[in-house]
Amino acid sequence: MTSIAAVLAATPSPSPTSAVPDVDVTPGVAGFIAIAVVAVVTILLLVDMTRRIRRTRYRAEIRERFEAEARNGGPLTDEPARRADEDGRTDVGDDTERG
């Protein structure tokens, strides 16, 4: 039994050789298109997720402001002061005119 093990250990094992050239193993145009599509879809998903998170945050801020107004019985004091000019327009603190 030991002689069989000695013969097997002395026999060199063949080194692995590739029958297919390395040029034929590349992903090619189809692989590039697939990765490009995955990258574009990922970017679009990130933009959409950012938009949804921002919208949710703004809605929460507005809800908190409405709840604070309901608790205090009136509008919050950090809003711009409104004053009436001679011609009846109200100044809301920005460049828009409301009448």
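Guide: Here is a short tour, from the overall fold to single side chains.

Visitor: What kind of model is it?

Guide: It is a predicted model. The protein chain averages a pLDDT of 77. Of the residues, 58% score at least 70.

Visitor: Which elements have the lowest and the highest mean pLDDT?

Guide: Helix α2, residues 28-72, has the highest, at 94. Strand β1, residues 83-84, has the lowest, at 52. Read those two with that in mind.

Visitor: How many helices and strands in the protein chain?

Guide: There are 2 helices and 2 strands. Starting at the N terminus, the order is α-α-β-β.

Visitor: What share of the residues count as buried?

Guide: Of the 99 residues in the protein chain, 3%. The chain exposes about 9200 Å². Carbon and sulfur atoms supply 62% of that area.

Visitor: Which residues form a nonpolar patch on the surface?

Guide: V29, F32, I33, V37, V41 and L45. Together they have about 620 Å² of accessible area.

Visitor: Take V37. Where is it found?

Guide: V37 sits in helix α2.

Visitor: And why can V37 be called partly exposed?

Guide: Because its relative accessible area is 47%.

Visitor: Switching to charges. How many salt bridges turn up in the whole structure?

Guide: The search finds 2. Side chains of opposite charge can pair when their charged atoms come close.

Visitor: Which residues are linked in the network of salt bridges?

Guide: D48, R51 and R52. D48 pairs with R51, where the closest N and O atoms are 4.0 Å apart. D48 also meets R52, at 2.9 Å from N to O.

Visitor: Are R51 and D48 buried or partly exposed?

Guide: R51 is partly exposed, with a relative accessible area of 43%. D48 is partly exposed too, at 27%.

Visitor: Now rings. How many aromatic pairs are there?

Guide: A search of the whole structure gives 0 aromatic pairs.

Visitor: What lies over the face of Y58?

Guide: R57 does. It is 6.0 Å from the ring centre.

Conventions:
Residues numbered from 1 in each chain as written. Predicted model: local features only at pLDDT ≥ 70, side-chain atom pairs only at ≥ 80, totals over all residues. Heavy atoms only, no water. Helix = DSSP H or I, 4+ residues; strand = E, 2+ residues; numbered from the N terminus. Buried < 20%, exposed > 50% of the residue type's maximum accessible area, 1.4 Å probe, protein only. Areas by Shrake-Rupley, 256 points an atom, 1.4 Å probe, with all protein chains shown as cover. pLDDT = per-residue confidence, 0-100. Phe/Tyr/Trp six-rings, centres within 6.5 Å; stacked < 30°, edge-to-face > 60°. Lys NZ or Arg CZ within 6 Å of the ring centre and 35° of its normal. Patch = residues over 30% accessible without salt bridge, like charges linked within 9 Å, V, L, I, M, F, W, Y side chains within 5 Å. Salt bridge = Lys/Arg side-chain N within 4 Å of Asp/Glu carboxyl O.
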